[in-house]
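This briefing is meant for a reader who is new to the structure shown below. Please keep the sequence and the model in view while reading the points that follow.

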Amino acid sequence: KYIVDDRGQKTTVLVPIKEWESLNENYRKLQSKLKVFTSIRKGLQEVKTARKSGKKMQTLNDFLK
């Protein structure tokens, strides 16, 4: 549902609470996924940079120990 001003311009949206909660939950999940993907991309860029410079990197096995 929309509320419009005296010129007919939409100024406000009314959303049922259940739908609003669902939208917020989906938004939180997407934000979390974005954070993970951004971190992965940053990590891959760090690996690429380290390889170009010849810097020795820690192995996954060493990291897990």
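Val 15 is partly exposed, because its relative accessible area is 32%, and the term covers values between buried, which is under 20%, and exposed, which is over 50% (1.4 Å probe, protein chains only). The model is a predicted one, in which local features need pLDDT of at least 70 and side-chain atom pairs count only at pLDDT 80 or more, while totals for chains, interfaces and linings use all residues. Residues are numbered from 1 along each chain as its sequence is written, and side-chain values use heavy atoms, with hydrogens and water left out.

**Chain and fold**

- The protein chain holds two helices and two strands, where helices (H or I, at least four residues) and strands (E, at least two) are DSSP runs numbered from the N terminus.
- Along the sequence these elements follow the pattern β-β-α-α.
- The radius of gyration of the protein chain, taken over C-alpha atoms, is 23 Å, whereas a compact globule of 65 residues would have one near 11 Å, by a rule of 2.2 Å times the number of residues to the power 0.38.
- Along the principal axes, the C-alpha atoms of the protein chain fill a box of roughly 65 × 25 × 10 Å.

**Surface**

- Of the 65 residues of the protein chain, 2% count as buried.
- The accessible surface of the protein chain is about 6,700 Å², and 58% of this belongs to carbon and sulfur atoms; such areas come from the Shrake-Rupley method with a 1.4 Å probe, and for residues only the protein chains shown count as cover.

**Around Val 15 and Tyr 2**

- Val 15 lies in the loop between strand S2 (10-13) and H1.
- A nonpolar patch on the surface is formed by Tyr 2, Val 4, Val 13, Val 15, Ile 17, Trp 20 and Leu 23, which together have about 690 Å² of accessible area.
- Strand S1 (2-4) and helix H1 (17-53) each supply at least two residues of this patch, and H1 gives the most, with three.
- The charged end of Lys 10 sits over the ring of Tyr 2, 4.0 Å from its centre (NZ of Lys or CZ of Arg must be within 6 Å of the ring centre and within 35 degrees of the ring normal).

**Along helix H1**

- Asn 26 lies in helix H1 and is partly exposed, with a relative accessible area of 40%.
- The C-alpha atoms of Asn 26 and Gly 43 are separated by 26 Å, and these residues are 17 residues apart along the chain.

Terms used. Patches are made of residues with over 30% relative accessible area and no salt bridge: like charges are joined within 9 Å, nonpolar side chains (Val, Leu, Ile, Met, Phe, Trp, Tyr) within 5 Å. A salt bridge is a side-chain nitrogen of Lys or Arg within 4 Å of a carboxyl oxygen of Asp or Glu.
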